[in-house]
Protein chains: 2
Amino acid sequence: MSSDPPGFELPLRLLLGFRVLIDRLHAELARQGHPDVRPVHGFVLQAVGRDGTTAVELGRRLGVTKQAAAKHIDALERLGYLRRAIDPDDARRKLLQLTDRGADSLARSARIFDELRAEWAQTLGSERLTALEADLRTMTGTTPFRLDAPGWFGGG
Amino acid sequence: MSSDPPGFELPLRLLLGFRVLIDRLHAELARQGHPDVRPVHGFVLQAVGRDGTTAVELGRRLGVTKQAAAKHIDALERLGYLRRAIDPDDARRKLLQLTDRGADSLARSARIFDELRAEWAQTLGSERLTALEADLRTMTGTTPFRLDAPGWFGGG
DNA sequence: TAAGGTAGACAACATGGTTGTCGAAATAGT
DNA sequence: ACTATTTCGACAACCATGTTGTCTACCTTA
């Protein structure tokens, strides 16, 4: 019988895999005209989506407070990826919408992720990759994605 | 032919898998008398190791500046997991060593990780898990582990 | 009309990482 | 030996990102 690797390697490799993919994504995004977009921005833009949303709802989707969400919104508005629009039905709300640039970065990200997945499929084989994805789906189930990494990982 | 999942699912599941394992680890560590230890602390303690090290070397191992390493050292010293000792051969250096408590948390972490891996093996099957680890090893290779998550992920 | 809840902004605070600077101590070169 | 350079650790300042608390404007409901 072969000896199993130590248990700590699994989480390490999972994190490394994430990091490798995200680093490749952003290297390619930078090449394609989006050098200022950071990993966290991609998740925020994805959470805003084509339909737009509000700061409070964005916070809920990302698992952070509305204040934290507002800071991301400020940053992405400055970078030209998001725009605040007035909600005609509720004067308290400001609808967040992707700008053309924001939508472009999202579309490019989707394409690049597909290409990266194709690379993995090439190296590992389609079946192995499909199995890997299925197994991760099994083990992570419906675990919600949260953007509270700093506080979670560090000491906050 | 079956349709492939969108490419963005892969990094998401990798991160979720990491998070699930780390969350389970720390829930169990808390139950076993280490409620104050944070995910980042585990990596720092692991980097210190049984042989001890210095602040500069610790920073190198973690991929952060010595100042950032020093802050983790301060925190873990306050929590009683690390101790600073004088190096008899070099009066500039202060050797960092695990305290008994620090060594205990490390030993428990290793055991818990092994148990979590065994759970995954139970659910997925040993062969599938071994394949998953091998595939991740293939795709991440010798990518160094870095602890610069805040700046890397966010905007720093 | 009054009461309560929601959206968004502002301020204060804590953490974590960075660069810059400094003094003390080891090492290399003359 | 003496000087110059490098290294270690500490301190301060700064920026980014999260948090809680507070406030105003506005919607909703009794």
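Mentor: A definition first: angles of 65 to 115 degrees between axes count as roughly perpendicular. Please keep in mind that this is a predicted model.

Trainee: At what angle do α3(A) and α4(A) pack, and how far apart are their axes?

Mentor: Helix α3 (residues 55–62) of chain A packs against helix α4 (residues 66–78) of chain A at an angle of about 105 degrees, and their axes are 8 Å apart. The two helices, α3(A) and α4(A), are therefore roughly perpendicular to each other.

Trainee: Which residues meet there?

Mentor: From α3(A) come A55(A), V56(A), L58(A), G59(A) and L62(A), which meet K66(A), A68(A), A69(A), A70(A) and I73(A) of α4(A). The residues of this contact of α3(A) with α4(A) comprise 8 nonpolar, 1 polar and 1 charged.

Trainee: Turning to chain B, what span should α4(B) have?

Mentor: Helix α4 of chain B has 13 residues (66–78), which at 1.5 Å a residue should span 18 Å. The C-alpha atoms at its ends are 18 Å apart, in agreement with that expectation.

Trainee: Which residues of α4(B) are buried?

Mentor: They are A69(B), H72(B), I73(B) and L76(B). Viewed down the axis of α4(B), the buried residues fall within an arc of 105 degrees, so they line one face of the helix. The face turned away from the buried side carries the exposed residues Q67(B), D74(B) and R78(B).

Trainee: What do the buried residues of α4(B) pack against?

Mentor: Their partners, in chain B, are the helices α2 (39–48) and α3 (55–62) together with the strands β1 (82–86) and β2 (94–98).

Trainee: Why does L76(B) count as buried?

Mentor: L76(B) counts as buried because it has 26 C-beta neighbours inside 10 Å, and the cut-off is 20 or more.

Trainee: And what is L76(B) in contact with, beyond its neighbours within four places in sequence?

Mentor: L76(B) is in contact with H41(B), V44(B), Y81(B) and L82(B).

Trainee: What follows α4(B)?

Mentor: G80(B) follows α4(B), and its phi is positive, near 85 degrees.

Trainee: Now the interface. How many residues does each chain bring to the contact?

Mentor: Chain A contributes 46 residues and chain B contributes 46 residues. On the side of chain B that touches chain A, at least two residues each come from α1 (9–31), α2, α5 (100–124), α6 (126–140) and α7 (149–153).

Trainee: Which helix supplies the largest share of that side of chain B?

Mentor: The largest share comes from α1(B), with 13 residues. The residues on this side of chain B divide into 29 nonpolar, 8 polar and 9 charged.

How values were computed: Residues are numbered from 1 along each chain as its sequence is written. Chains are lettered from A and ligands numbered from 1 in the order in which they are written. This is a predicted model: local features need pLDDT of at least 70, side-chain atom pairs count only at pLDDT 80 or more; totals for chains, interfaces and linings use all residues. Helices (H or I, at least four residues) and strands (E, at least two) are DSSP runs, numbered from the N terminus. The expected span of a helix is 1.5 Å times one less than its number of residues. A residue is buried if 20 or more other C-beta atoms lie within 10 Å of its own, exposed if 12 or fewer, and partly exposed in between; C-beta atoms are placed from the backbone. The arc is that of the directions from the helix axis to the C-beta atoms. Two residues are in contact if their C-beta atoms, placed from the backbone, lie within 7 Å. Axes are lines fitted to C-alpha atoms, for helices over the stretch in contact, and angles run from 0 to 180 degrees between N-to-C directions. Angles under 35 degrees count as roughly parallel, over 145 as roughly antiparallel, 65 to 115 as roughly perpendicular and the rest as oblique. Ala, Val, Leu, Ile, Met, Phe, Trp, Tyr, Cys and Pro count as nonpolar, Asp, Glu, Lys and Arg as charged, and the others, Gly among them, as polar.
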